[in-house]
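Student: Could you take me through one part of this model in close detail? I'd like to hear about the salt bridges and the strand pairing around them.

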Amino acid sequence: MTETSRLVARLFWTSVIGGCLAFWFGPPAAAATGLALAALLAHRLDRPRRIRRLIRRVTRRHARTLALRRRQECFVDAYGNLIQDGWERERAYFAERSVVPLLETHGQAEIDDALWEDILGIIEAVAAGVDLPDESEAPEDGIAYERYCAAQLREAGWQARATRASGDQGADIVAEQAGVRLVVQCKRYAKPVGNGAVQEIAAAMPYWSGDMAAVVSNAGFTPAARKLAAAAGVLLLHHDDLAALRPVRRVEARRTGRGAKGSTLVER
């Protein structure tokens with residue numbers, strides 16, 4: 001049943017019941033019925049505002065993460081065009097996975113084109129309104145960027161050091177905290193990072209006896225890189241994420257008679 005049909009049904013039955021009461025109890029019951037009908041209409045007319053408030057509330061909970069993704073996934077190509085394809089995908093993903101299910105639990109069964117545009121517009125406004133650290137603070141030189149990322153990790157409590165330029169097997173930084181070893185590859189790019197970086201750090205993790213692996217970049221990541229990282233258990237981070245990074249150990253599940261289960265990540 002649609003929202004409109006539910007409203008019509010409520011108005012109909014309120015009118016029927018109110019009319020019967022008015023027949024028996026006269027003007028006071030008729031006045032009460034009129035007030036009830038007015039309340040139903042006012043509640044329905046106020047629904048768009050309440051829906052927008054709900055969207056803003058859930059979006060603001062993730063405002064900083066969305067703002068970082070917005071900055072990561074937007075870049076200027078070689079022809080001077082602003083490319084926002086990655087951010088548009090990220091914005092739609094957040095809307096589909098975080099906003100729409102919440103609206104459905106609040107009785108919003110239909111997401112029409114107008115409401116979808118409202119959702120995307122609110123996400124855009126919230127993300128754009130976050131005051132992020134100046135991107136120019138991160139060095140443009142590759143080696144300096146690696147040192148910058150290592151310093152960010154040290155501020156977060158990691159014992160971090162840059163590897164040698166040669167023989168690093170794809171790891172630029174090795175860091176440890178609480179007995180957990182993290183291997184990191186750093187990419188200071190002007191465009192999204194692709195599959196190659198994920199493959200390299202995934203291979204470097206066992207070489208360095210790592211428990212965690214991450215690719216850190218000022219730019220975003222291609223959809224293929226995100227898909228591969230999810231399968232390989234590699235974190236894809238913006239350098240501003242390093243300040244909040246905590247140690248996580250990969251724990252292999254016990255083997256049973258039916259074969260081995262997949263591994264899980266358990267925060268220490």
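Tutor: Let's settle the term before using it: a salt bridge here is a side-chain nitrogen of Lys or Arg within 4 Å of a carboxyl oxygen of Asp or Glu. Keep in mind that this is a predicted model. By that rule, the count comes to six salt bridges. One of them joins Arg69 and Asp241, whose closest N and O atoms are 3.8 Å apart. Arg69 sits in helix α4 (residues 63–73) and Asp241 in the loop between β7 and β8, so this pair ties together parts that are 172 residues apart in sequence. Buried means under 20% relative accessible area, so Arg69 counts as buried at 14%, and Asp241 does too at 17%.

Glu124 belongs to helix α6 (residues 113–128), 54 residues away from Arg70 in the chain. Arg70 is partly exposed, at 27% relative accessibility.

Now over to the strands. Arg181 and Glu176 form a salt bridge with a closest N to O distance of 2.5 Å, and Glu176 stands opposite Arg181 in β5. Both are partly exposed, Arg181 at 26% and Glu176 at 31%. Their strands, β4 and β5 (residues 180–187), pair in the antiparallel sense over five bridges. In the hairpin they form, two residues lie between the strands, and Ala178 takes a positive phi near 55 degrees. β4 also pairs with β3 (residues 159–162), again antiparallel, over four bridges; there, Arg161 has Val174 as its bridge partner. Four of the five residues of β4 are buried, so the strand is largely enclosed by the rest of the structure.

Terms used
Residues are numbered from 1 along each chain as its sequence is written. This is a predicted model: local features need pLDDT of at least 70, side-chain atom pairs count only at pLDDT 80 or more; totals for chains, interfaces and linings use all residues. Side-chain values use heavy atoms; hydrogens and water are left out. Buried means under 20% relative accessible area, exposed over 50%, partly exposed in between (1.4 Å probe, protein chains only). Two strands pair if DSSP finds at least two bridges between them.
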